[in-house]
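Happy to walk through this one with you.

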Amino acid sequence: MKKLSIVAMGLLVLILASCNQTTKKKESMGKTENPFMKVSTLPFQAPDFTKIKNSHFAPALEEGIKQQLAEIEQIADNPEEPTFENTLVALEKSGKLLTRTLNVFEMLSGANTNDTLQDLQEEIAPKLAGLQDAITLNDNLFNRIKTIYQKKNELDLDKESTRLLQYYYDEFTRAGANLPAEAKEKLKKLNEEDALLSAKFTNQLLSGTKAGALVVDNDAELKGLSESQIKQAAKNAADAGKEGKYLISLQNTTQQPLLQSLENRETRQKLFEASWARTEKEDKNDTRDVIQRLAEIRAEKAALLGFSNFAAWTLQDQMAKTPQAVESFLGKLIPPATANARKEAKDLQALIDRDKGGFKLQPYDWNMYAEQLRKERFDLDEDQIKPYFELFNVLENGVFYATSRLYGLSFERRTDIPIYNPDMRVYEVKDADGSELALFYCDYFQRDNKSGGAWMSNVVGQSKLLGTKPVVYNVCNFTKPAEGEPTLISYDDVTTMFHEFGHALHGIFADQTYPSLSGTNVARDFVELPSQFNEHWALYPDVFKNYAKHYKTGAPMPEELVSKIKKSVTFNQGYALTEILAASELDMEWHTIKAGTDINSADKFESEALAKNKLDIPQVPPRYRSSYFLHIWSNGYSAGYYAYLWAEMLDQDAFAWFEENGGLSFENGQRFRKLILSRGNTEDYNEMYFNFAGREPNINPMLKNRGIAVP
Ligand SMILES: [Zn+2]
């Protein structure tokens with residue numbers, strides 16, 4: 001993933017301002033020594049971690065907010081006629097201290113946090129969130145932007161500047177800046193209710209998931225689990241005050257990881273049902289009323305802003321643009337995906353019958369029999385594979401190697417650039433002509449003070465206006481080996497490295513004037529194209545043979561193992577795709593209701609939505625059920641869950657283009673860099689893609705890659 005941080009979500013948040021009463025006193029002390037107060041003099045303006053202390057953040061953020069507020073007021077109240085230069089360029093130049101500080105703050109809060117930073121995060125988050133209103137409610141500022149926007153045709157702006165003007169105008173109008181005062185007030189109330197209910201949903205889901213854990217009385221019910229899994233379950237129970245019992249806690253998704261090992265069918269059924277009903281128990285954690293109201297609020301908001309539904313409003317600035325485009329895309333995937341899932345169900349039923357199971361396949365049986373089938377067809381033994389994937393060898397001879405072949409880049413390790421943890425590495429990235437391009441940091445090992453998952457972000461954003469070059473970083477959570485041991489990683493981890501480095505390239509190749517449009521500041525349904533596309537090179541023969549070598553002997557990976565890796569990619573993909581499609585359709589159905597629609601039952605709404613889209617296959621439930629679908633109710637993916645699949649269509653289609661045009665080559669790489677990776681958000685995404693591929697993206701390569709028959 002790419003980290004969706006405050007910083008990455010665009011400048012709007014950053015150019016907002018508010019006053020802080022509580023920590024003002026701190027400002028006066030040590031102002032001259034605070035490293036954030038001046039631009040770093042290190043190469044690429046890299047942050048100086050040898051000087052940055054916890055105590056520097058609060059005063060720098062305070063001062064940054066104060067400075068930005070003053071800048072915004074100055075722009076909004078400027079007595080001169082509004083011009084592109086004195087309004088939009090001025091906005092882009094504002095908030096330098098706040099951006100500089102927030103970028104480092106975000107970097108450390110995610111990957112190297114501590115109590116001070118965590119407290120400060122809580123303190124600063126509501127201020128930054130409340131800021132959104134503070135700026136969009138500044139009528140003077142919007143009036144200036146509107147005046148410029150209305151004469152845009154007379155201004156003779158270059159392409160990127162035209163895009164910037166459009167971007168600001170859209171951001172303001174989407175937030176309701178054009179509405180009459182009364183409607184603005186109504187919108188504000190709806191926004192507040194939405195925020196309140198989203199937070200309530202998150203809390204209910206958290207407690208519902210915790211309370212929904214499965215408790216069993218004896219370990220016989222857990223047959224099939226490993227000794228350490230059973231120990232963990234006993235410990236979980238003891239921690240929850242249920243000494244002597246066993247507790248299996250629930251994961252976010254409908255399917256639970258342990259379902260693949262639990263041999264006792266009754267336990268499987270109980271665990272599955274615990275997951276499915278976690279927030280539908282008619283207790284205080286029941287979310288159904290909340291989500292019904294959230295859907296209604298969002299429909300009302302859209303109507304107020306002049307749209308037929310919430311999805312229509314929210315999709316405007318995405319590549320898909322309209323709910324119709326999303327529906328048509330999902331609609332094309334449903335028949336082949338479900339046909340494949342039905343075929344897989346038959347294979348699993350055959351396995352059950354062969355074992356004389358005497359029952360009909362249910363969703364809680366799926367993972368167990370799929371795992372059995374996978375083992376029969378091609379057992380991928382991680383311990384056999386890992387010795388061929390030594391971490392820094394994969395990085396330098398795999399990830400970097402592919403990059404040098406495609407784009408001509410070279411990488412030079414820099415040990416003079418300060419880091420915040422000794423396990424990190426920093427590389428200077430040089431372009432094909434030897435000129436300096438960017439700095440790349442990697443922080444790969446799991447630590448207690450690091451968030452889970454993997455992500456990329458910028459600690460210095462690229463902008464010609466500000467004279468900054470990109471400083472980007474990748475963070476992962478690989479297990480650190482014992483002292484002196486090599487770091488051997490799984491094939492999944494290898495893929496993660498290529499993925500995150502794809503995001504990094506999107507940042508490294510950024511070539512924009514304006515920070516708001518630079519690099520990875522792109523639509524949600526476009527941002528995963530560079531990363532997922534880059535994953536393809538991991539298994540590409542020329543690249544693979546350059547890095548997949550035994551860490552002791554240097555021998556290449558045996559062909560038999562390589563072919564197992566390749567086959568495992570297409571296994572069980574009918575199920576995998578169908579469960580995501582079902583969740584995507586639920587998201588779209590909830591967010592395309594018209595204002596005033598009375599939903600009297602969330603469950604009925606859900607089952608009708610699935611039936612309507614021909615996704616009502618009992619053995620393949622949605623990946624998330626409406627009542628516990630965190631992405632769409634409070635995580636910023638409302639009417640946006642489809643984006644994962646959309647980006648997959650793009651990356652597969654782009655890779656197919658490479659294959660049709662000679663595969664891995666500098667020429668093809670340059671084209672991709674020039675037309676996609678270096679463009680940031682300076683063009684319509686559809687035009688950008690069309691210019692690269694010479695055609696619209698198509699779902700066939702995506703289906704083919706998942707091993708699903710193309711209709
Ligand atoms: Zn990503």
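Q: Is cysteine 442 buried or exposed?
A: Buried here stands for under 20% relative accessible area, exposed for over 50%, and partly exposed for what lies in between (1.4 Å probe, protein chains only). Cysteine 442 has a relative accessible area of 2%, so this residue is buried.

Q: How far away is the nearest cysteine sulfur to that of cysteine 442?
A: A quick note on the basis: this is a predicted model, where local features need pLDDT of at least 70 and side-chain atom pairs count only at pLDDT 80 or more, while totals for chains, interfaces and linings use all residues. Residues are numbered from 1 along each chain as its sequence is written, and side-chain values use heavy atoms, leaving out hydrogens and water. A disulfide is a pair of cysteine sulfur atoms within 2.5 Å, and cysteine 442 is in none. Its nearest cysteine sulfur belongs to cysteine 476, at 8.6 Å.

Q: What is the relative accessible area of cysteine 476?
A: Cysteine 476 is in no disulfide either, and a search of the whole structure finds 0 of them. This cysteine is buried, with a relative accessible area of 1%.

Q: Which residue in β7 stands opposite cysteine 442?
A: Strands (E, at least two residues) and helices (H or I, at least four) are DSSP runs numbered from the N terminus, and two strands pair if DSSP finds at least two bridges between them. Strand β5 (residues 436-445) and strand β7 (residues 471-478) pair in the parallel sense over 6 bridges. Opposite cysteine 442 stands asparagine 474.

Q: What percentage of the 711 residues in the chain is buried?
A: The chain holds 27 helices and 7 strands. Its C-alpha atoms fill a box of roughly 85 × 65 × 55 Å along the principal axes. Of the 711 residues, the buried ones make up 57%.
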